[in-house]
Amino acid sequence: MNIAVIGGGAAGLIAAGSALGANVVVFDHNDKVGKKIYITGKGRCNFTNVCDNETFVHNIVTNPMFIRSALSKFSPYDAIDFFENLGCATKVERGRRAFPLSDKASDITKALKSYAESNGAEIRLGCNVTDIKCDNGSFAVIANGVSEKFDKVIVCSGGRSYPVTGSDGSMYKALSGLGHNIIEPRPSLEELYTKQDMSAAEGLTLKNVALASREYGIKPIFGDLMITAKGISGPIALTLSAYAARRKYPFAAELDLKPAITVEELDDRLLRDFSCAQNKQFKNALDLLLPKSIIPFIIKASGIAVDRKINSITKLERKRLVEIIKSFELDITGNAGFDRAVVTSGGVDVKQIDPKTMGSRIVPGLYFGGEVMDVDALTGGYNFHIALATGYVAGKSAAE
């Protein structure tokens, strides 16, 4: 049986290796396989999140139920064993995030490439697949202007995020031509831009804060946030971007700078701080409560003059200050786009894919793996594992 695998990333390489007994050709239009893997996890490659399947599914943003079957066949624990058995030692860090022991993403790529080649897969680099045709149960893959026949095809071409790595969404047109519905791709897991100019605090990391959006019904997301030149980034901003990936911009968000305490407790804290600084100017009275570089923005939002003496601030003004610290308003105007998005939200409609095999429900012999499908998750190794699990299932199913 001759199988074509489109894409030499994590999903494509594991699909090529798991398609046991088949003659497999991997088409990749880059000059080396796993190009996106090299930048995953800041070059360290967070390849899975070591948790039970229920916890894993809870961290999938789009179509979580679709992944259940693949997880049952290739769990996070299976991923650990998979790489260890290939000679790639692993470790688990804070947040259950798994990495290669070497902290080198290249070791994950080498292991996956070795796995594909152990099945006799032929890897062709610099091969740009522009179309896939299906006729009488067989497929024609057109790459670099040359058509070649295959019995089955596994599409692991990725989404549109980080197009410089080859993940440019170029296969959507071909898949649409075969009858598949493509859910509009949107960038996800990325920096968010704000109307508020907070560039004076660029580089500041706010620890243990909470970000929410009442407008979109997104509940508080707890963790760390980083101020950028154009807006916000860091773990909780990326999570908000994932939940809002298919929403319209602009939208309102709220930042709680003190989520661990109630409004009443914060008011009591301010009273204590103010009582010890009666003759200080307002601009110098919040240093014990907030990071210095964020204070000017809180003061501006409060409407209290920076040189007001603390003993002149009214109870009503203090209450307003508490409200601002507990719910600092951010107007989210946009995002960094596909060039900097970690993943793509959107892709092939999973209603047209059998979750048990990753096979197309409308084109027999066509299979899918990874980000090309309409499935995306939060940060922490979930998206990479989805690529591994779906690619593994697609390869086995195609060969069977």
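Predicted model: local features only at pLDDT ≥ 70, side-chain atom pairs only at ≥ 80, totals over all residues.
Let me begin with helix H8, where the residues that cover its buried positions include those of helix H10 (315-326); helices here are DSSP runs of H or I with at least four residues, strands are runs of E with at least two, and both are numbered from the N terminus. Residues are numbered from 1 along each chain as its sequence is written, and side-chain values use heavy atoms, with hydrogens and water left out.

Back to H8, then, which runs over residues 263-275. Which residues of H8 are buried? They are Leu266, Asp267, Leu270, Asp273 and Phe274, where buried means under 20% relative accessible area, exposed means over 50%, and partly exposed lies in between, with a 1.4 Å probe and protein chains only. Seen down the axis of H8, these buried residues fall within an arc of 125 degrees, so they line one face of the helix; the arc is taken from the directions that lead from the helix axis to the C-beta atoms.

Now to the interior. In soluble globular proteins, nonpolar side chains tend to be buried together. In this model the largest nonpolar core has 81 residues, and Ile6, Phe27 and Leu112 are those with the most contacts inside it; such a core is a set of buried Ala, Val, Leu, Ile, Met, Phe, Trp, Tyr and Cys residues joined through side-chain atoms within 4.5 Å. Helix H11 (residues 382-399) gives the largest share of this core, ten residues. Leaving aside neighbours within four places in sequence, Leu112 is in contact with Ala10, Leu13, Ile14, Ile37, Phe82, Phe83 and Leu388, contact being heavy atoms within 4.5 Å. Apart from this core lies another, of 44 residues, among them Phe251, Leu257, Ala285 and Ile295.

Turning to strands, there is an open sheet of three, in the order E8-E9-E10, with antiparallel pairing; two strands pair if DSSP finds at least two bridges between them. Its edge strands, each pairing on one side only, are E8 (129-135) and E10 (146-150). Strand E9 (residues 138-143) pairs with E10 over five bridges, and Ala143 stands opposite Val146 in E10.

Finally, some individual residues. Leu189, in the loop between strand E12 (182-188) and strand E13 (192-194), has a positive phi near 60 degrees, but Leu189 is buried, with a relative accessible area of 1%. Lastly, a cis peptide bond joins Tyr249 and Pro250, with omega about -5 degrees, and Pro250 sits in the loop between helix H7 (235-243) and strand E17 (251-256).

Technical notes:
Expected span 1.5 Å × (residues − 1).
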